[in-house]
Amino acid sequence: VRTGEVLAMASRPAYAPSEYATATGEMKLNRPIGRIYEPGSTFKPAVVAAALNEGVVTPAMVFNCENGRWWYMGKVLRDYHPYPQLSVADIIRKSSNIGAAKIALLLGEQRVDRYLREFGIGRRLGIDLPGEESGILRPVQRWSKVDITRIAMGQSVSVTALQMLGVIAAIANDGFLMKPYVIKRVVAKDGTVLHQGAPVVIARPINGETAAIMRRLLT
């Protein structure tokens with residue numbers, strides 16, 4: 001969390017290095033960095049953290065969650081369980097789509113976009129492995145009128161597993177997003193160190209106080 005060192009990474013289906021020539025592209029794909037997906041509700045902490053950091057919400061602030069059914073811009077948004085009102089803390093705890101969407105609207109498109117990019121969404125994190133994808137976070141100018149409410153709950157955006165891990169790790173690391181790396185050291189036969197991995201801060205999307213609040217809420 002504090003260094004960016006990747007201690008373990010796995011991908012299935014896999015292949016034996018001795019069978020590289022006959023292995024398929026699907027078998028060679030490193031899924032944690034080479035496959036993107038819509039993260040869904042695991043994405044909500046990024047938007048809530050941004051809102052807390054900007055001071056537009058507090059953990060105790062209450063939102064009308066519309067009893068689980070909310071119309072916005074002609075589209076209906078539902079919660080899996082209906083809730084009349086939820087605090088920001090409970091929006092995370094209950095994973096309310098409607099609550100997250102309303103928090104995102106308070107932030108506005110520009111700030112949501114800025115914070116997500118600071119969290120590493122929509123760009124490569126620079127891991128020392130080939131095949132890293134950047135994910136998909138379209139420019140704000142290309143968002144539909146409802147996209148901000150969908151992005152808040154992890155739809156209309158795509159990430160790698162490593163990017164999603166980076167968001168949570170940054171919250172755990174007092175807001176510092178670290179560059180991930182797998183090679184700690186390369187040493188020659190004579191003991192000469194040819195390469196030494198070291199922690200590199202990519203960004204700090206949220207401050208330490210916000211990160212501490214988010215850790216408490218997520219716990």
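Which residue lies over the face of Trp 70? That would be Lys 102, at 5.2 Å from the ring centre.

## Before you start

This is a predicted model, where local features need pLDDT of at least 70, side-chain atom pairs count only at pLDDT 80 or more, and totals for chains, interfaces and linings use all residues. Residues are numbered from 1 along each chain as its sequence is written, and side-chain values use heavy atoms, with hydrogens and water left out.

## Charges over rings

Besides the Lys 102 and Trp 70 pair, have a look at Tyr 20: the charged end of Lys 28 sits over its ring, 3.8 Å from the centre. (A charge sits over a ring if NZ of Lys or CZ of Arg is within 6 Å of the ring centre and within 35 degrees of the ring normal.)

## Helix 3 meets helix 5

Helix 3 (residues 44–54) packs against helix 5 (residues 97–107) at an angle of about 40°, and their axes are 10 Å apart. Helices here are DSSP runs of H or I with at least four residues, strands are runs of E with at least two, and both are numbered from the N terminus. Axes are lines fitted to C-alpha atoms, for helices over the stretch in contact, with angles running from 0 to 180 degrees between N-to-C directions.

The two helices are therefore oblique to each other (under 35 degrees is roughly parallel, over 145 roughly antiparallel, 65 to 115 roughly perpendicular and the rest oblique). From helix 3, Lys 44, Val 47, Val 48, Ala 50, Ala 51 and Glu 54 meet Asn 97, Ala 100, Ile 103, Ala 104 and Leu 107 of helix 5; contact means heavy atoms within 4.5 Å.

## Helix 3 meets helix 6

Helix 3 also crosses helix 6 (residues 109–118), at roughly 110°, and their axes come within 10 Å. That makes helix 3 roughly perpendicular to helix 6. On the helix 3 side the contact uses Ala 46, Ala 50, Asn 53 and Glu 54, while helix 6 brings Arg 111, Arg 114, Tyr 115 and Leu 116.

Most residues other than glycine have a negative phi, and most peptide bonds are trans. Now check Arg 12 and Pro 13, which are joined by a cis peptide bond with omega about 0°. Pro 13 belongs to the segment before helix 1 (25–28).

Then there's Asn 67: not a glycine, yet its phi is positive, about 55°. You'll find Asn 67 in the loop between strand 1 (62–64) and strand 2 (69–72).
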